[in-house]
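Trainee: Could we go through this structure together? I'd like to start with the charged pairs and then move on to the helices.

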Amino acid sequence: MIVTGKNDVVQLSGALHKNQWLTIKAAARLLLRQHSQGILIDCSELTEVSEEGTKTFLEAMRDIQGEGARIVLVNLPENVLTMIRSVPGVRSQLPIAKSEEEARASLRVGVAVGKAVERPMSENCILIPLLPGFDIDYAVDVAGRASRELRQPITLAALIVVSRNKPLNTPMPEEETVAVSLLEQAERAAKRNSLAYGRHVERVRDAEEGLLQLIKTYKASHVYIGAYADHIRDEQFLRMVEILLHRAPCSVIIARQAPDKDHHLE
(Lines give C-alpha, C1' and ligand atoms only; values in the text may rest on other atoms or scores of the structure.)
Protein backbone atom coordinates (compact mmCIF):
# COMPACT_ATOMS: atom_id res chain seq x y z
CA MET A 1 0.00 0.00 0.00
CA ILE A 2 1.14 3.53 -0.83
CA VAL A 3 0.42 6.50 1.46
CA THR A 4 0.66 10.10 0.28
CA GLY A 5 -0.43 13.34 1.90
CA LYS A 6 -1.39 16.68 0.37
CA ASN A 7 -3.28 19.65 1.82
CA ASP A 8 -5.89 18.07 4.11
CA VAL A 9 -6.03 14.66 2.40
CA VAL A 10 -4.28 11.36 3.12
CA GLN A 11 -4.44 9.31 -0.09
CA LEU A 12 -4.33 5.51 0.18
CA SER A 13 -3.45 3.42 -2.88
CA GLY A 14 -3.23 -0.30 -3.46
CA ALA A 15 -4.36 -3.17 -1.24
CA LEU A 16 -5.02 -2.81 2.49
CA HIS A 17 -4.62 -6.30 3.94
CA LYS A 18 -3.66 -5.45 7.52
CA ASN A 19 -3.91 -2.66 10.08
CA GLN A 20 -1.63 0.01 8.62
CA TRP A 21 -2.45 2.88 10.96
CA LEU A 22 1.10 3.12 12.29
CA THR A 23 2.28 3.55 8.69
CA ILE A 24 -0.34 6.22 7.94
CA LYS A 25 -0.05 7.96 11.30
CA ALA A 26 3.03 10.02 10.47
CA ALA A 27 1.45 11.47 7.33
CA ALA A 28 -1.83 12.15 9.15
CA ARG A 29 -0.11 13.93 12.05
CA LEU A 30 1.79 16.13 9.63
CA LEU A 31 -1.42 17.23 7.90
CA LEU A 32 -3.16 17.83 11.22
CA ARG A 33 -0.54 20.46 12.11
CA GLN A 34 -1.94 22.57 9.27
CA HIS A 35 -5.57 21.42 9.50
CA SER A 36 -6.28 21.08 13.20
CA GLN A 37 -10.04 20.70 12.67
CA GLY A 38 -9.55 17.38 10.88
CA ILE A 39 -8.48 15.63 7.70
CA LEU A 40 -9.86 13.43 4.93
CA ILE A 41 -8.79 9.92 4.05
CA ASP A 42 -9.25 9.38 0.31
CA CYS A 43 -9.87 5.73 -0.51
CA SER A 44 -10.51 6.12 -4.26
CA GLU A 45 -7.30 4.29 -5.21
CA LEU A 46 -7.71 1.36 -2.83
CA THR A 47 -8.08 -1.84 -4.84
CA GLU A 48 -9.14 -4.11 -1.97
CA VAL A 49 -9.46 -4.18 1.81
CA SER A 50 -9.46 -7.16 4.13
CA GLU A 51 -11.31 -7.43 7.44
CA GLU A 52 -8.04 -6.81 9.26
CA GLY A 53 -7.37 -3.83 7.01
CA THR A 54 -10.62 -2.13 8.01
CA LYS A 55 -9.22 -1.80 11.53
CA THR A 56 -6.86 0.82 10.10
CA PHE A 57 -9.77 3.24 9.80
CA LEU A 58 -11.18 2.44 13.22
CA GLU A 59 -7.85 2.97 14.97
CA ALA A 60 -7.26 6.17 12.99
CA MET A 61 -10.61 7.57 14.04
CA ARG A 62 -10.07 6.80 17.72
CA ASP A 63 -6.51 8.14 17.71
CA ILE A 64 -7.32 11.39 15.93
CA GLN A 65 -10.50 12.04 17.90
CA GLY A 66 -8.51 11.50 21.06
CA GLU A 67 -6.52 14.58 20.06
CA GLY A 68 -9.66 16.66 19.55
CA ALA A 69 -9.74 16.45 15.75
CA ARG A 70 -11.78 14.47 13.23
CA ILE A 71 -11.28 12.30 10.17
CA VAL A 72 -13.77 11.63 7.42
CA LEU A 73 -13.50 8.86 4.83
CA VAL A 74 -14.27 9.83 1.23
CA ASN A 75 -14.42 8.27 -2.24
CA LEU A 76 -14.82 4.67 -1.10
CA PRO A 77 -14.97 2.11 -3.94
CA GLU A 78 -17.99 -0.16 -3.72
CA ASN A 79 -15.93 -3.25 -2.84
CA VAL A 80 -14.20 -1.38 -0.01
CA LEU A 81 -17.50 -0.05 1.33
CA THR A 82 -18.99 -3.55 1.17
CA MET A 83 -16.14 -4.96 3.25
CA ILE A 84 -16.40 -2.15 5.82
CA ARG A 85 -20.13 -2.76 6.13
CA SER A 86 -19.55 -6.47 6.72
CA VAL A 87 -17.24 -6.04 9.73
CA PRO A 88 -19.18 -5.74 13.02
CA GLY A 89 -18.42 -2.57 14.94
CA VAL A 90 -16.56 -0.85 12.10
CA ARG A 91 -19.14 0.71 9.77
CA SER A 92 -21.27 1.87 12.70
CA GLN A 93 -18.38 4.02 13.96
CA LEU A 94 -16.78 5.40 10.80
CA PRO A 95 -17.75 8.86 9.49
CA ILE A 96 -18.14 8.56 5.72
CA ALA A 97 -18.94 11.45 3.39
CA LYS A 98 -20.40 11.28 -0.11
CA SER A 99 -17.83 13.74 -1.41
CA GLU A 100 -14.78 15.75 -0.38
CA GLU A 101 -16.90 18.91 -0.48
CA GLU A 102 -19.39 17.44 1.99
CA ALA A 103 -16.57 16.24 4.27
CA ARG A 104 -14.85 19.63 4.32
CA ALA A 105 -18.12 21.43 4.99
CA SER A 106 -18.66 19.19 8.01
CA LEU A 107 -15.16 19.84 9.33
CA ARG A 108 -15.64 23.59 8.88
CA VAL A 109 -18.54 23.52 11.33
CA GLY A 110 -16.01 22.83 14.06
CA VAL A 111 -13.80 25.67 12.87
CA ALA A 112 -16.70 28.14 12.78
CA VAL A 113 -17.56 27.54 16.42
CA GLY A 114 -14.38 26.09 17.82
CA LYS A 115 -12.00 27.16 20.53
CA ALA A 116 -9.80 29.05 18.12
CA VAL A 117 -12.61 31.48 17.34
CA GLU A 118 -14.53 31.88 20.58
CA ARG A 119 -14.03 30.91 24.19
CA PRO A 120 -14.94 27.27 24.77
CA MET A 121 -17.96 26.49 26.86
CA SER A 122 -17.16 27.39 30.46
CA GLU A 123 -18.41 26.01 33.74
CA ASN A 124 -21.06 27.89 35.70
CA CYS A 125 -22.36 29.54 32.54
CA ILE A 126 -25.82 30.62 31.43
CA LEU A 127 -26.67 28.14 28.70
CA ILE A 128 -28.92 28.91 25.73
CA PRO A 129 -29.63 25.73 23.74
CA LEU A 130 -30.26 26.33 20.06
CA LEU A 131 -32.67 24.07 18.20
CA PRO A 132 -34.95 24.75 15.21
CA GLY A 133 -38.23 26.34 16.31
CA PHE A 134 -36.90 28.03 19.46
CA ASP A 135 -37.34 31.79 19.91
CA ILE A 136 -33.61 32.38 19.97
CA ASP A 137 -33.63 36.18 19.89
CA TYR A 138 -35.90 36.48 22.90
CA ALA A 139 -33.99 33.82 24.84
CA VAL A 140 -30.77 35.81 24.33
CA ASP A 141 -32.50 39.07 25.31
CA VAL A 142 -33.79 37.64 28.58
CA ALA A 143 -30.65 35.63 29.40
CA GLY A 144 -28.61 38.77 28.77
CA ARG A 145 -30.27 40.52 31.68
CA ALA A 146 -29.35 37.65 33.98
CA SER A 147 -25.81 37.56 32.60
CA ARG A 148 -25.24 41.19 33.51
CA GLU A 149 -26.81 40.85 36.95
CA LEU A 150 -25.05 37.61 37.86
CA ARG A 151 -21.84 38.44 36.01
CA GLN A 152 -21.83 35.02 34.43
CA PRO A 153 -20.92 34.25 30.82
CA ILE A 154 -23.41 33.09 28.22
CA THR A 155 -22.86 30.02 26.07
CA LEU A 156 -24.77 29.58 22.82
CA ALA A 157 -24.99 25.82 22.26
CA ALA A 158 -26.30 24.34 19.01
CA LEU A 159 -27.36 20.70 19.16
CA ILE A 160 -27.02 18.41 16.15
CA VAL A 161 -29.15 15.30 16.65
CA VAL A 162 -27.59 12.23 14.99
CA SER A 163 -29.67 9.09 14.63
CA ARG A 164 -28.33 5.98 16.35
CA ASN A 165 -27.79 4.12 13.09
CA LYS A 166 -25.08 6.61 12.07
CA PRO A 167 -21.64 7.33 13.56
CA LEU A 168 -21.85 10.34 15.85
CA ASN A 169 -19.31 12.30 13.76
CA THR A 170 -20.80 11.47 10.38
CA PRO A 171 -21.17 14.50 8.08
CA MET A 172 -24.75 15.80 8.07
CA PRO A 173 -24.86 18.72 5.62
CA GLU A 174 -28.43 19.88 6.22
CA GLU A 175 -28.31 19.66 10.01
CA GLU A 176 -24.87 21.27 10.18
CA THR A 177 -26.03 24.17 7.99
CA VAL A 178 -29.00 24.71 10.30
CA ALA A 179 -26.75 24.60 13.39
CA VAL A 180 -24.40 27.24 11.99
CA SER A 181 -27.38 29.40 10.97
CA LEU A 182 -28.83 29.22 14.49
CA LEU A 183 -25.48 30.12 16.01
CA GLU A 184 -25.12 33.11 13.72
CA GLN A 185 -28.64 34.27 14.62
CA ALA A 186 -27.91 33.93 18.34
CA GLU A 187 -24.56 35.68 17.91
CA ARG A 188 -26.23 38.66 16.26
CA ALA A 189 -28.67 38.89 19.18
CA ALA A 190 -25.81 38.70 21.69
CA LYS A 191 -23.93 41.48 19.93
CA ARG A 192 -27.05 43.67 19.89
CA ASN A 193 -27.15 43.25 23.66
CA SER A 194 -23.39 43.83 24.02
CA LEU A 195 -22.95 40.44 25.67
CA ALA A 196 -19.82 38.39 26.06
CA TYR A 197 -20.49 34.87 24.87
CA GLY A 198 -19.00 31.54 23.96
CA ARG A 199 -20.14 29.19 21.21
CA HIS A 200 -20.45 25.45 21.22
CA VAL A 201 -21.72 22.64 18.97
CA GLU A 202 -22.70 19.31 20.48
CA ARG A 203 -23.58 16.18 18.51
CA VAL A 204 -26.13 14.15 20.43
CA ARG A 205 -28.26 11.06 19.96
CA ASP A 206 -31.28 12.59 21.65
CA ALA A 207 -32.04 16.29 22.05
CA GLU A 208 -33.36 16.03 25.61
CA GLU A 209 -30.79 13.62 27.01
CA GLY A 210 -28.01 15.35 25.10
CA LEU A 211 -28.95 18.71 26.56
CA LEU A 212 -29.10 17.26 30.06
CA GLN A 213 -25.62 15.80 29.66
CA LEU A 214 -24.33 19.14 28.39
CA ILE A 215 -25.78 20.90 31.44
CA LYS A 216 -24.20 18.38 33.81
CA THR A 217 -20.81 18.23 32.10
CA TYR A 218 -20.29 21.98 32.16
CA LYS A 219 -22.22 22.64 35.38
CA ALA A 220 -24.47 25.28 33.81
CA SER A 221 -26.11 27.50 36.41
CA HIS A 222 -29.11 28.49 34.28
CA VAL A 223 -30.75 27.31 31.09
CA TYR A 224 -32.86 29.71 29.02
CA ILE A 225 -35.22 28.45 26.31
CA GLY A 226 -37.14 30.84 24.08
CA ALA A 227 -40.69 29.66 23.42
CA TYR A 228 -43.36 30.79 20.98
CA ALA A 229 -47.06 30.87 21.87
CA ASP A 230 -47.85 27.79 19.77
CA HIS A 231 -45.29 25.70 21.68
CA ILE A 232 -48.08 24.89 24.13
CA ARG A 233 -49.33 22.44 21.50
CA ASP A 234 -45.91 21.10 20.50
CA GLU A 235 -45.48 17.67 22.09
CA GLN A 236 -41.72 17.49 21.50
CA PHE A 237 -41.17 20.92 23.02
CA LEU A 238 -43.36 20.09 26.02
CA ARG A 239 -41.48 16.83 26.51
CA MET A 240 -38.16 18.67 26.58
CA VAL A 241 -39.48 21.22 29.08
CA GLU A 242 -40.88 18.50 31.33
CA ILE A 243 -37.59 16.58 31.32
CA LEU A 244 -35.58 19.70 32.07
CA LEU A 245 -37.89 20.84 34.87
CA HIS A 246 -37.72 17.43 36.56
CA ARG A 247 -34.10 16.46 35.93
CA ALA A 248 -31.90 19.46 35.16
CA PRO A 249 -29.56 20.26 38.11
CA CYS A 250 -29.90 24.00 37.55
CA SER A 251 -32.42 26.79 37.11
CA VAL A 252 -34.59 26.40 33.99
CA ILE A 253 -36.27 29.46 32.53
CA ILE A 254 -38.80 29.27 29.69
CA ALA A 255 -39.01 32.73 28.11
CA ARG A 256 -42.00 33.69 25.98
CA GLN A 257 -43.07 37.01 24.52
CA ALA A 258 -46.63 38.13 25.10
CA PRO A 259 -48.84 38.25 21.99
CA ASP A 260 -48.70 42.07 22.08
CA LYS A 261 -44.87 41.81 22.02
CA ASP A 262 -44.53 43.31 25.49
CA HIS A 263 -41.73 41.17 26.94
CA HIS A 264 -42.40 39.09 29.99
CA LEU A 265 -41.56 35.70 31.41
CA GLU A 266 -43.95 32.81 31.74
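Trainee: Is E208 buried or exposed?

Mentor: E208 counts as buried, with a relative accessibility of 4%, where buried means under 20% relative accessible area, exposed means over 50% and partly exposed lies in between, using a 1.4 Å probe and protein chains only. Keep in mind that this is a predicted model, in which local features need pLDDT of at least 70 and side-chain atom pairs count only at pLDDT 80 or more, while totals for chains, interfaces and linings use all residues. Residues are numbered from 1 along each chain as its sequence is written, and side-chain values use heavy atoms, with hydrogens and water left out.

Trainee: Which residue forms a salt bridge with E208?

Mentor: That is R239, and the closest N and O atoms of the two are 2.8 Å apart; a salt bridge here is a side-chain nitrogen of Lys or Arg within 4 Å of a carboxyl oxygen of Asp or Glu. The pair links distant parts of the chain, since R239 sits in helix α8 (residues 235-247) and E208 in helix α7 (residues 207-217), 31 residues apart. Helices (H or I, at least four residues) and strands (E, at least two) are DSSP runs, numbered from the N terminus. R239 is partly exposed, at a relative accessible area of 42%.

Trainee: And how many salt bridges does the structure hold?

Mentor: It holds 12 salt bridges. Another of them joins E67 to R29, with the closest N and O atoms 2.6 Å apart. This pair too links distant parts of the chain, with E67 in the loop between α2 and β4 (70-74) and R29 in helix α1, 38 residues apart. E67 is partly exposed, with a relative accessible area of 45%, and R29 also counts as partly exposed, at 32%.

Trainee: Switching to the helices, at what angle do the axes of α1 and α2 cross?

Mentor: The axes of α1 (residues 21-34) and α2 (residues 51-65) cross at roughly 40° and come within 11 Å. Axes are lines fitted to C-alpha atoms, for helices over the stretch in contact, and angles run from 0 to 180 degrees between N-to-C directions. The two helices are therefore oblique to each other, given that angles under 35 degrees count as roughly parallel, over 145 as roughly antiparallel, 65 to 115 as roughly perpendicular and the rest as oblique.

Trainee: Which residues make that contact?

Mentor: On α1 they are W21, I24, K25, R29 and L32, and on α2 they are T56, E59, A60, D63 and I64, with contact meaning heavy atoms within 4.5 Å.

Trainee: Last topic: where is N169 found?

Mentor: N169 is found in the loop between β6 (154-161) and α6 (173-192), and N169 is buried, with a relative accessible area of 17%. Leaving aside residues up to four places away in sequence, N169 touches Q65, R70, P95 and R203. In helix α6 itself lies L183, which is buried at 2% relative accessible area. L183 and L131 are 52 residues apart in sequence and 9.6 Å apart in space, C-alpha to C-alpha.
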